[in-house]
Amino acid sequence: KEFKKLGDLIEIDRRLYQKGYQHWAIYVGDGYVLHLHGDSGTSCAKPGKDGRATVKKEKLEDVANNDEYRINNRLDNQYEPRPIKDILQDAENLVGREFPYNVLSSNCEHFATLVRYGNPLSQQVQFKYITASVGNYRLTLARFTTVSL
């Protein structure tokens, strides 16, 4: 596997076994990552019954299980990563906290990019807008699609 640096974004490919998405975590050192985790051992794509997910600090190998993973800091050319000391301090303070989970607006990728960049971003989810006009009425429909980058 690649050499990981503190604060790296880790993309775990869940496409083969769990319905075509990537799980995201942030590397915090000594083989550990910080990530959102749902009920019953599931990753963040399946939040708990109450629509919330918990921040966990776990071994990357355990989180990835048998899935492929890679370092993916692709947004570094658009956003400056926060100082490592701030990332690590926030990581320790967030462990065990629960957050609302929404696949469109607050998923595991949003969480990981928030910790790294200070900005919740998800390139996995894109919105498509369709606007139609009928007579004097204008209707805008939005739907989301997932994309693999």
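**View 1. Elements lining the second largest pocket of the predicted model.** Helices α2 (84–94) and α3 (108–117) and strand β6 (98–100) each supply at least two residues of the lining of the second largest pocket. Of these elements, α3 gives the most, with four residues. Helices (H or I, at least four residues) and strands (E, at least two) are DSSP runs, numbered from the N terminus. The lining comprises 15 residues, of which F99, H110, F111, L114 and P120 lie nearest the centre of the pocket. By class, eight lining residues are nonpolar, five polar and two charged; here Ala, Val, Leu, Ile, Met, Phe, Trp, Tyr, Cys and Pro count as nonpolar, Asp, Glu, Lys and Arg as charged, and the others, Gly among them, as polar. The volume of the second largest pocket is about 210 Å³. A pocket is an open set of points on a 1 Å grid over the protein atoms alone, where a 1.4 Å probe fits, with protein on both sides within 12 Å along at least five of seven lines; lining residues have an atom within 4 Å of a point. A volume is the space filled by probe spheres set on the points.

Residues are numbered from 1 along each chain as its sequence is written, and side-chain values use heavy atoms, with hydrogens and water left out. The structure is a predicted model, in which local features need pLDDT of at least 70 and side-chain atom pairs count only at pLDDT 80 or more, while totals for chains, interfaces and linings use all residues.

View 2. Buried means under 20% relative accessible area, exposed over 50%, and partly exposed in between (1.4 Å probe, protein chains only). The buried residues are C108, E109, H110, F111, A112, T113, V115, R116 and Y117. They pack against β1 (9–13), β2, β3, β4, α2 and β6. After α3 comes G118, whose phi is positive, near 80 degrees.

**View 3. N107 at the start of α3.** N107 is located in the loop between β6 and α3 and is buried, with a relative accessible area of 4%. A side-chain oxygen of N107 reaches to within 2.8 Å of the backbone nitrogen of E109. The side chain of N107 also reaches the backbone nitrogen of H110, at 2.9 Å.

**View 4. The largest nonpolar core.** This core has 19 residues, and those with the most contacts inside it are L9, I26, L34, L36, V55, F111 and V115. Strands β2 (22–29), β3 (32–37) and β4 and helices α2 and α3 each supply at least two residues of this core, and α3 gives the most, with five. A nonpolar core is a set of buried Ala, Val, Leu, Ile, Met, Phe, Trp, Tyr and Cys residues joined through side-chain atoms within 4.5 Å.

**View 5. E58 in strand β4.** E58 belongs to β4 (residues 52–59) and is partly exposed, with a relative accessible area of 26%. Its side chain makes a polar contact with the side chain of H35 (2.6 Å). A polar contact is a pair of N or O atoms within 3.5 Å; within protein, one must be able to donate a hydrogen and the other to accept it, and residues adjacent in sequence count only if both atoms are side-chain atoms. Not counting residues up to four places away in sequence, E58 touches G31, Y32, V33, H35, H37 and V63, where contact means heavy atoms within 4.5 Å.
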